[in-house]
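Have the sequence and the model open as you read.

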Amino acid sequence: MYDCVIIGAGPGGICAAIYAIRAGLKTIILEKRGVGGQIAVSDIIENYPGFPSVSGSELMHNFEEHAKSIAAEIQFAEVKSIEVLGDKRIIHTSTDRIDAKTVLVCTGAEAKKLGFQGETEFFGRGVSTCGTCDGPFYKNKPIAVIGGGDTAVKESIYLSKIASKVYHIHRRDRFRAEKVLRDRIKKRDNIEFMWLHTAHKVVGDDMGVTGLQVKAYETNEIKDLLVDGIFIFVGITPNTSFVDCEKDDQGFIITNQKMETSIPGIYAAGDCRSTPLRQVVTAVGDAAIAGFMAEEYISSIEGRSYDGTTKV
Ligand code: NAP
């Protein structure tokens, strides 16, 4: 029986482990893919205090080293469901079952796709949702970027330093990205903005993408862009399907300010949570609270047996 099972080894999961282990809780982190989460494939982070400019991979490397220094146990497994039995939380993975007193869900979110023609067919062959992973394939080649949030604008700036030209396509006539990024993208002279446009169809052959057809919202006019790569950054979808607690209409987990979900003993932190801001700094802030509250919760149920009856 673990005191604390943390699901996800991104910034939130690692931080939750630091707090839980330091509070003396027997803790394990379960991770489906690799340590780091979305941030490990981020280019540069400039808003994490103490690090004026740091690559996502370097920051995550430091997080991982910190976890190792306190002997955090990490197991690679995909969580399928969580069962509630009295005070016991049973975590079912693809291969195993793990019993715990508390569960901290720090599973983050994944990039959304749009569903235009050819998007799935050419995914991984010219269509991508990761600039840092796939950008270097487009050195001195023209590409398209789709989206208007922080991710799209940041990635467009990054990709414009590699590609010969970036067509930046956005469905509205302004970006929702933060001002510092909006100001920065305006200074890139190889980015052509295609406001009020949407991706219509990928053009390609056996070798991959050769172009993108875009459609003007107001006129429905189709335009052909000659591009070798198409990068989609249109938001995120949370990795929360395995847990049956209360969620918002997009599937993000609803918590209170103590990071408690609607199920006692289950907490959520970071991008998988319904929150107005998703940053590394907010993920670790959430996770510190969740780790702290897990210890408080365990103290509060001490004296109860884990099938929900009171010990005598
Ligand atoms: P986001 O903020 O939700 O932005 C999604 C963008 O995609 C919006 O511009 C949206 O357009 C567009 N979009 C959504 N559905 C679309 C559709 N069907 N067709 C065309 N366009 C569509 O997502 P995000 O940029 O991935 O950011 C996710 C979270 O991470 C946010 O909280 C963000 O602040 C945070 N983040 C922060 C940083 C940072 O360095 N500060 C970096 C990355 C991410 P509309 O604008 O028209 O709705």
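Predicted model: local features only at pLDDT ≥ 70, side-chain atom pairs only at ≥ 80, totals over all residues.

Let's start with the pair. Two packed helices are described by the angle between their axes and the distance between the axes. Here, helix 1 (residues 11-22) and helix 6 (residues 280-301) have axes that come within 8 Å and cross at roughly 35 degrees. The crossing of helix 1 past helix 6 is right-handed. These are the residues that make the contact:

| Helix | Contact residues |
|---|---|
| Helix 1 | Pro11, Gly12, Cys15, Ala16, Tyr19 |
| Helix 6 | Val280, Ala283, Val284, Ala287, Ala288, Gly291 |

By type, the residues of this contact between helix 1 and helix 6 split into nine nonpolar and two polar, with no charged ones.

Now for helix 2, which runs over residues 56-69. Its 14 residues reach 20 Å from the first C-alpha to the last, close to the 20 Å expected at 1.5 Å a residue. Which residues of helix 2 are buried? They are Gly56, Leu59, Met60, Phe63 and Ala67.

As for what covers the buried residues of helix 2, the list includes helix 1 and helix 6, along with strand 3 (44-45) and strand 4 (54-55). After helix 2 comes Ala71, with a positive phi near 55 degrees.

Notes
Residues numbered from 1 in each chain as written. Heavy atoms only, no water. Axes fitted to C-alpha atoms, helices over the stretch in contact; angles between N-to-C directions. Helix = DSSP H or I, 4+ residues; strand = E, 2+ residues; numbered from the N terminus. Left-handed = near helix turned anticlockwise from the far one by under 90°. Contact = heavy atoms within 4.5 Å. Nonpolar A, V, L, I, M, F, W, Y, C, P; charged D, E, K, R; others polar. Expected span 1.5 Å × (residues − 1). Buried < 20%, exposed > 50% of the residue type's maximum accessible area, 1.4 Å probe, protein only.
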